[in-house]
Amino acid sequence: MLNILVCVSGGGTNLQAVIDAVKDGRIRNTAIAGVISNNRSAYALQRARQNGIDAICLSPKDFPDRAAFNRAFLEKVDSYAPDLIVLAGFLVNIPPEMIRAYPNRIINIHPSLIPSFCGTGYYGLKVHEAALARGVKVTGATVHFVDEGTDTGPILLQKSVEVLPSDTPQSLQRRVMEEAEWLLLPEAIDLIAAGKVEVADGKARIV
Ligand code: GRF
């Protein structure tokens with residue numbers, strides 16, 4: 001059984017996709033041990049609780065400095081003994097100590113085809129604004145392992161989504177979620193739970 005911990009900051013539609021997929025068997029052999037949000041009012045926390053999943057808020061604002069938050073965050077994460085940490089719209093930088101403690105055991109979903117529109121400053125609607133400003137005809141989503149860079153870790157899955165001439169950042173964000181993110185994240189977790197993912201030389205491979 002793969003024990004996963006999901007970290008969130010907002011609405012939690014990706015978390016919901018994971019919860020639904022665990023329930024209906026698209027993600028096999030996996031249990032969601034807990035959900036951590038840095039934002040007390042994140043609707044994702046309610047989604048977790050409605051589904052009987054332990055959900056807590058841990059905000060950097062409640063600590064005197066970042067080092068104190070990082071220590072408490074790592075301690076909390078460790079308390080769930082996760083096999084895999086899933087970042088599902090989590091807007092906090094993962095402390096390097098956590099990345100070292102969970103090598104190739106943290107995944108993130110990013111709403112573009114990495115290496116386009118990723119890295120520092122590319123989050124939320126900004127990603128889709130940048131894609132529209134550049135005039136790309138295809139965008140998508142990426143699930144990748146988390147290393148010490150921003151969106152630089154080994155790519156596990158990608159799915160493309162067509163950009164329409166009528167798109168606004170909001171409509172594109174929605175379609176990337178519906179057509180890519182909500183499918184890719186469950187698929188990635190299922191593959192990892194089935195032991196079908198290997199990471200070597202900075203690359204992830206499905207075996
Ligand atoms: C998603 O677009 C995700 O890719 C990005 O943040 C958004 C989170 O949405 N990193 P939600 O909280 O899962 O609804």
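Four phenylalanines, Phe63, Phe69, Phe73 and Phe90, are joined into a cluster by ring pairs. Rings of Phe, Tyr and Trp (its six-membered ring) count as a pair if their centres lie within 6.5 Å. By this rule the structure has 3 aromatic pairs.

Before going on, a word on the model. It is predicted, so local features need pLDDT of at least 70 and side-chain atom pairs count only at pLDDT 80 or more, while totals for chains, interfaces and linings use all residues. Residues are numbered from 1 along each chain as its sequence is written, and side-chain values use heavy atoms, with hydrogens and water left out.

Now back to the rings. Phe69 and Phe73 form a stacked pair, 5.4 Å centre to centre with 20° between the planes; planes under 30 degrees apart count as stacked, over 60 as edge-to-face and the rest as tilted. Why are Phe69 and Phe73 separated by about one helical turn? Because they are 4 residues apart in helix α3 (residues 66–79). Helices (H or I, at least four residues) and strands (E, at least two) are DSSP runs, numbered from the N terminus.

Phe73 also pairs with Phe90, and this pair is tilted: 5.7 Å centre to centre, 45° between the planes. It links distant parts of the chain, with Phe73 in helix α3 and Phe90 in the loop between β4 (84–87) and α4 (96–101), 17 residues apart. Phe69 and Phe73 are both buried (under 20% relative accessible area, with exposed over 50% and partly exposed in between, using a 1.4 Å probe and protein chains only). Phe90 is buried too.

Next come the helices. Two packed helices are described by the angle between their axes and the distance between the axes. Axes are lines fitted to C-alpha atoms, for helices over the stretch in contact, and angles run from 0 to 180 degrees between N-to-C directions.

| Helices | Axes come within | Crossing angle |
|---|---|---|
| α1 (residues 13–24) and α2 (residues 43–50) | 9 Å | roughly 15° |
| α5 (residues 125–134) and α6 (residues 169–193) | 9 Å | roughly 110° |

That makes α5 roughly perpendicular to α6, whereas α1 and α2 are roughly parallel to each other. Angles under 35 degrees count as roughly parallel, over 145 as roughly antiparallel, 65 to 115 as roughly perpendicular and the rest as oblique.

Which residues make the contact (heavy atoms within 4.5 Å) between α5 and α6? Leu125, His128, Glu129, Ala131 and Leu132 of α5 meet Pro169, Gln170, Leu172, Gln173 and Val176 of α6.

Note on methods:
Contact = heavy atoms within 4.5 Å.
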